[in-house]
Amino acid sequence: RSDSPMASTLALLRPSAPSPATNLRAPFRSRVSTRVSVGSAVAAGADTLFADYKPTTAFLFPGQGAQAVGMGKEALNVRAAAELFDKANDILGYDLLNLCIDGPKEKLNSTVISQPAIYVTSLAAVEVLRAREEGQSVINSVDVTCGLSLGEYTALAFAGAFSFEDGLKLVKLRGEAMQDASDAANSAMVSVIGLDSEKVQQLCDAANEDVDEKERVQIANFLCPGNYAVSGGVKGIEAVEAKAKSFKARMTVRLAVAGAFHTSFMQPAVSRLESALAATEIRSPRIPVISNVDAQPHSDPDTIKKILAQQVTSPVQWETTVTTLLGRGLEKSYELGPGKVIAGIIKRINKGASIENIGA
């Protein structure tokens, strides 16, 4: 079972196949002279450092659903990228690169493995880019970053908010805690294709009238116009599927995920995450990292910890994040890591947006 908030894009990006149920040496430190010890400049509790950010170039990191057997192959050719996988093996206790390259698919798709796999492969993609001609200058030009759900941790690591190792430990625990929360409840997710968010909300309201409170559903992923993922109890999800056509949805696609991510069904994972975050050194990022919870950048380490704990039970505000970045003047984006899901979403939001994929 996979944790894949991004899998809801599959129906959009591959409509022909709808399924009815379906500090390596501080590797991410920019070498530009503007890198100061940002954390020391932020007064305790202040969270306004990036309030007036003006984005030009963004690194965007994928979330679950992007994983695929064969990812990580390019890392073998770049020493700094391969070293990240070596470090990961020590922390995880298994050969991650082997699982990424050879599978099996079922194991790679499991929540506890797909989360670390995407985190490490995405940061390895940064090193693959760095090794290219002009790659370092591209990295230096990045002035904003964000990631879809799990990808927020990758973005924070790239922005220097925590070390590669500490981020991986958090991601490992996050995957385990979300899997355990899913095992404790009979819940699911479904992608609703072809409706705007207001109509999907009305669909959820109608479904909720027919089920007990504990089965209720809500929008969990605001991905892009015409593609919103709904999470909740299995009976509530079944009600959404039964009513979708009467709301003029093009189709629904049941997602192959462990449970109702980004809802209160994940509440059991929160206290475990809070404990791990409390024990982790988090610094002010060197560039804005846009949060999935409120589509805002945060500079105060304590606020970042709170936001990351909230993130597993809060809807993903990806559509607002992308429209805000574009509205503030974003010129160029790079999707770093496995798959091209984010590129597909961004083209849905703005056909003319410039985005390039960098794999590993």
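Two strands pair if DSSP finds at least two bridges between them. The legends below use that rule on a predicted model.

**View 1**
β2 and strand β7 (residues 289–290) pair in the parallel sense over 2 bridges. That count meets the rule of at least two bridges. Within this pair, C146 stands opposite I290 in β7. Strand β1 (residues 57–61) also pairs with β2 in the parallel sense, over 4 bridges. Here A58 faces V144 in β2 as its opposite residue. Both faces of β2 are covered. V144 and C146 are buried on one side, T145 and G147 on the other.

**View 2. V144 in strand β2.**
V144 belongs to strand β2, which runs over residues 144–147. Its relative accessible area is 0%, under the 20% cut-off, so V144 counts as buried. Beyond its neighbours within four places in sequence, V144 is in contact with Y53, P55, T57, A58, F59, I287, P288, I290, L325 and L330. V144 and V289 are 145 residues apart along the chain, and their C-alpha atoms are separated by 6.1 Å.

**View 3. The largest nonpolar core.**
This core holds 68 residues. F59, Y119, V120, F158, F162 and L336 touch the most other members. Helix α6 (residues 111–130) gives the most to the core, with 11 residues. Domain 1 (57–184 + 262–358) and domain 2 (187–255) both give residues to the core, so it lies between them.

**View 4. F59 and its contacts.**
F59 is one of the core residues that touch the most other members. Which residues is F59 in contact with, leaving aside its neighbours within four places in sequence? They are L129, V138, I139, V142, V144, T145, C146, F158, Y334 and L336.

**View 5. The open sheet of 4 strands.**
The strand order is β4-β5-β3-β6, and the pairing is antiparallel. β4 (217–224) and β6 (251–254) are the edge strands, each pairing on one side only. From one strand to the next, the twist averages 25°. β4 pairs with strand β5 (residues 227–233) in the antiparallel sense over 6 bridges. In this pair, Q218 stands opposite S231 in β5. Helix α11 (residues 234–243) packs on the sheet. This helix touches β3 (187–193), β4, β5 and β6. The direction of α11 makes about 140° with that of β5.

**View 6. Helix α10.**
Helix α10 covers residues 197–209, 13 residues in total. At 1.5 Å a residue, α10 should span 18 Å. Its end C-alpha atoms are 19 Å apart, which agrees. Which residues of α10 are buried? They are V200, L203, C204, A206, A207 and N208. An α-helix has 3.6 residues a turn, so residues three or four places apart point the same way. The buried residues of α10 pack against β3, β4, β5 and α11.

**View 7. F265 in a loop.**
F265 lies in the loop between β6 and α12 (267–278). Is F265 buried or exposed? Its relative accessible area is 17%, under the 20% cut-off, so F265 is buried. Not counting residues up to four places away in sequence, F265 touches A181, A185, S187, K214, R216, G232, G233 and A260. F265 and A188 are 77 residues apart along the chain, with their C-alpha atoms separated by 9.8 Å.

Notes:
Residues are numbered from 1 along each chain as its sequence is written. This is a predicted model: local features need pLDDT of at least 70, side-chain atom pairs count only at pLDDT 80 or more; totals for chains, interfaces and linings use all residues. Side-chain values use heavy atoms; hydrogens and water are left out. A nonpolar core is a set of buried Ala, Val, Leu, Ile, Met, Phe, Trp, Tyr and Cys residues joined through side-chain atoms within 4.5 Å. Buried means under 20% relative accessible area, exposed over 50%, partly exposed in between (1.4 Å probe, protein chains only). Domain bounds come from an automatic or database domain assignment. Contact means heavy atoms within 4.5 Å. Axes are lines fitted to C-alpha atoms, for helices over the stretch in contact, and angles run from 0 to 180 degrees between N-to-C directions. The expected span of a helix is 1.5 Å times one less than its number of residues.
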